[in-house]
Amino acid sequence: MTQHEPRGVVHWIDHYVVCTNDLPRWEAFHSAVLGARTAPTPAEVLDLGIFQTFTQGRHGGFIARTPLPPTRGLGKGLPRYAFFVDAADLDFHQARLASAGAVFERPVRTSAEGVPGVALYWQDPDGNQFEFWAPDVMPAGAMVGCGPARVGRISHGVFEARNLARTADFFKRYCGLEPLRDKARATDTLVLPMASGGRLIFRKVDALEGRTTGCGLPDAHTALVVRDGDFFFNLKRIWSELPEWEFDVSSGDVVAKREDMPPRTVLHLSAGGRRFKALTKRGDDWFDWDTNLFHFYGGEPIDGSMSVYEGRNIGHYIAQIEKEPGGALRLLELVGA
Ligand SMILES: [Fe+2]
């Protein structure tokens, strides 16, 4: 840990998931645009959708329960996920977007989201919003393993928030992130730089667009990387202060006014998440104030730096703990359950 790094601070976005109404179309489109390859998907996830890998990361397309709402469009619809790219490759990326039939705009220079660079906005056939982001200064590790498609790590996620001050307090408390104070930043925008690279960005809105529903998976969600040794520290902190929402979306139940519910934890709909809930009575997914869904993800530094890390999911931690005699009890101690 560096001298000034708060314990439990978020370093990167590891992965995200968006929803689709046509999974084969989603798979083919993102293979063409990102050079992504469909990953072997665990059986318990197959009901939800699939994952693809690219660069050092991965992303998912999960089948929406209902038709997705209309998007607010390029550069406006939220959530939006972005990828580091080199400025010299922007023509190459536009050519690939065009041949995939993507909706996209010419690249624009901007610093409205706190960092100067060039943004190329595009959307997939479901109206999910994306961006190729060429910053003036590339963080260490951002382009490692980018492959022939020249697409780097996930650079940022942009989310809706109805009260930016409330959101800033929330992410400072549970993710160790401090707002960027920058005059170039748009006034309706909260920018939270992560410790190793990239940003979480929140845009002030009066009403939510509806692509995050506050139900949990298969909704869009974002996995936030914390140091391997901080994974349980972060869970313990969030569990000690937020309530558990006893809701399982697979029940088919409909809960009214989810957009008005406060931050809370909830079951992560995977075998690992279900096992974790059985052991601890808590879920490891969590909502912010505005139906955005997150979970933590462990990162083991490679060569002593979090610029490049080895990812650890919840299944890894459970397997590790259950191998030990008395491991389940130790898990309860770790998370204060
Ligand atoms: Fe995830």
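This is a predicted model: local features need pLDDT of at least 70, side-chain atom pairs count only at pLDDT 80 or more; totals for chains, interfaces and linings use all residues.
1. Iron site. Three histidines supply the protein donors of the iron ion: His15, His221 and His295, each through NE2. They lie 2.1 to 2.2 Å from the ion. Along the chain the donors follow the spacing H-x205-H-x73-H. His15 sits in strand 1 (residues 12-20) and His221 in strand 13 (residues 221-227), so this pair links distant parts of the chain, 206 residues apart. Both His15 and His221 are buried.

2. Helix 1, length. Helix 1 covers residues 23-34, which is 12 residues.

3. Helix 1, buried face. Leu23, Trp26, Phe29, His30, Val33 and Leu34 are the buried residues of helix 1. They cover an arc of only 130 degrees around the axis, and therefore lie on the same side of the helix.

4. Helix 1, ends. At the start, a side-chain oxygen of Asp22 comes to within 3.1 Å of the backbone nitrogen of Arg25. Just after the helix, Gly35 takes a positive phi of about 70 degrees.

5. Salt bridges, overall. The count comes to 22 salt bridges, taking a cut-off of 4 Å. Arg80, Glu113, Glu131 and Arg203 are linked in a network of them.

6. Arg150 and Asp89. The closest N and O atoms of this salt bridge are 2.9 Å apart. Arg150 lies in the loop between strand 9 (129-135) and strand 10 (154-161), and Asp89 in the loop between strand 5 (80-84) and helix 3 (90-99). The pair therefore ties together parts 61 residues apart in sequence. Arg150 is partly exposed at 28% relative accessibility, whereas Asp89 is buried at 14%.

7. Arg109 and Asp136. Here too a salt bridge forms, with the closest N and O atoms 2.9 Å apart. Arg109 is in strand 7 (residues 108-110) and Asp136 in the loop between strand 9 and strand 10, 27 residues apart. Arg109 is exposed, with a relative accessible area of 57%. Asp136 is partly exposed, at 44%.

8. Asp290 and Arg162. The closest N and O atoms of this salt bridge are 2.6 Å apart. Asp290 lies in the loop between strand 16 (285-287) and strand 17 (293-302), and Arg162 in the loop between strand 10 and helix 4 (164-175). The pair thus ties together parts 128 residues apart in sequence. Asp290 is buried, with a relative accessible area of 0%, while Arg162 is partly exposed at 21%.

How values were computed
Residues are numbered from 1 along each chain as its sequence is written. Side-chain values use heavy atoms; hydrogens and water are left out. Donors are N, O and S atoms within 2.8 Å of the metal (3.2 Å for Na, K and Ca); water is not among the atoms, so sites may look incomplete. Helices (H or I, at least four residues) and strands (E, at least two) are DSSP runs, numbered from the N terminus. Buried means under 20% relative accessible area, exposed over 50%, partly exposed in between (1.4 Å probe, protein chains only). The expected span of a helix is 1.5 Å times one less than its number of residues. The arc is that of the directions from the helix axis to the C-beta atoms. A polar contact is a pair of N or O atoms within 3.5 Å; within protein, one must be able to donate a hydrogen and the other to accept it, and residues adjacent in sequence count only if both atoms are side-chain atoms. A salt bridge is a side-chain nitrogen of Lys or Arg within 4 Å of a carboxyl oxygen of Asp or Glu.
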